[in-house]
Amino acid sequence: MYAVIDVHHLRKEYDKIVAVDDLSFVVPGGAVLGLLGGNGAGKTTTISMLLGLLVPTSGQIRILGEDMLRHRFRVLPRMNLSSPYVDLPHRLTARQNLVVYGRLYGVRDLARRIDELAAQLDLAEHLDRPFGHLSSGQKTRVTLAKALVNTPAVLLLDEPTASLDPDTADWVRTLLKDYQRQTGATILLASHNMPEVERLCDDVILMQTGKVFDRGSPDELIARFGRDSMEEVFLDMARGRARNIEELRKVETVR
Amino acid sequence: MTPAAIAHGSPLTRVTALVLRHWYILRGSWLRIVELAYWPAVQMVMWGFLSEFLSKQTSYVAQAFGILLSGMLLWDVLVRGQLGLSISFLEEMWSRNLGHLFASPLRPIEFAAGIVTMSLIRTVVGMVPVTILTVVFFGFSIYSLGWPLLAFFFTLQMFGWGVGLAISGMVLRKGMGAETFAWAAVFILLPVSGVYYPIDVLPYWLQLIAWALPPAYVFEGMRAVFARELLRPELLAGALALSVVYLAIGFCCFLWLFNISRRKGLLSTQGE
């Protein structure tokens, strides 16, 4: 199958700290890959490198067939990002933010696209309020609308449902799943939310201290770890309980 | 999804998008608009009265009443050029928006073009009312300089943009701790710019520095027009050429520091 995201031996060092170490993975078109790991595992660093916000120390990244280190501007119009670690201008209204980003991404018939997104994300009554006056859940939805404004073929989501109540979070997951089905978009999702990962991801990379700890579908990982849920799998990895399992079952660390 | 949402961007649409982002902020607050004209207006009043006083004491100022006022107004064109650009850049830092901007198809040169355009808009919005007030209060019009005024204006703006771009790169690289430079850096050039006195009053070594910078050519040219009604094209050409060079150097500095910031992962982490 066509590799939309193709990462080879990616490494990022800051002085003597290795944030990402020899990371390789391929995401086929239309798949949803989850990056799972504790704080400092290297998930956000990986997403930043995929977007060209951060230059890797070594390794290669190809997205939609283009070398991101040399030709990222050929691909960036077809990508987008949602992250709680990057903000939108607080003094601009939600609509103004969407207009600015819609224009940056060259979206045609932008007014219609914004209305469409506002309806899908239940933002219609908040569109003309300053972004800084919105609740954190509303801000997350506006950020998500910005991430979808150009109908991206590659969507990078860093904790997309952070700050959302369970009902809204579930509704956003349904929206993302529908978006992926309708457009065939490839999604890379970094999350701490295990039900989210189980529901959305076809494939999951478990990351620890910048390295791939294990990889597989949620069902495969749950079975391999001998657990009942991804949350238990995550806790096994985070608390070092998986070391014996790793030895006994010869877990692949890199595929 | 509608097919309408397919991307069709161009450099111009991206530059105008960035200008629109800052225009929304500017037009949304009358205080911000007033702030643009506040300091130029205060200085204009002060230099206007000083000029009136000096014109009764010295024949030099009496002959060319507007020489100090014009100096002040043109110096502010330089300051507003640099500051207007730096403020647009700082707005992105304060709002922690750089990660979204540079994850979009916006290229660094388009970003620079956008904040340069905003600087021009801020300068015009701030300075034009002050030049009109100068006519009202002191009966002096800087527009009496004629078309060289346009050349002086753009030369000083370009130099301000060059300085502003270099400072923006430094703030991006060093973080908000370097913000003070954005507000104060350009004033170090004031003593060697010849705004209120001729360059030849400076010590020789300072004259060498002064003639390496565009403002010296602009203000000497301005004095020639006022005091001797003489247009000196060689000064205009020197100012223009140097401003283009400094603008290019400023952009190269910005690009260099931007790339260092990309290597160090500062684009998505810098902010207040």
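I looked at the helix pair first: α3(A) passes α5(A) in a right-handed crossing (the near helix is turned clockwise from the far one by less than a right angle). Helices here are DSSP runs of H or I with at least four residues, strands are E runs of at least two, and both are numbered from the N terminus.

The model is predicted, and local features need pLDDT of at least 70, side-chain atom pairs pLDDT 80 or more, while totals for chains, interfaces and linings use all residues. Residues count from 1 along each chain as its sequence is written, with chains lettered from A and ligands numbered from 1 in the order written.

Back to the pair: I found helix α3 (residues 94–104) and helix α5 (residues 136–148) of chain A packed at about 20 degrees, axes 9 Å apart (lines fitted to C-alpha atoms over the stretch in contact, angles running from 0 to 180 degrees between N-to-C directions). That makes α3(A) roughly parallel to α5(A), a label for angles under 35 degrees.

Who touches whom? Ala94(A), Asn97(A), Leu98(A) and Tyr101(A) of α3(A) meet Val142(A), Ala145(A) and Lys146(A) of α5(A); contact means C-beta atoms, placed from the backbone, within 7 Å.

Next I checked the sheet. It is open, four strands in the order β2-β1-β4-β5 (chain A), with antiparallel pairing; strands pair if DSSP finds at least two bridges between them. Five bridges join β1 (residues 3–14) to β4 (residues 58–63) of chain A, and Arg11(A) has Ser58(A) as its bridge partner in β4(A).

Last, the chain contact: 34 residues from chain B and 37 residues from chain A. I noted that α1(B) gives the most to chain B's side, with eight residues.

Terms used
Contact = placed C-beta atoms within 7 Å. Parallel < 35°, antiparallel > 145°, perpendicular 65-115°, else oblique.
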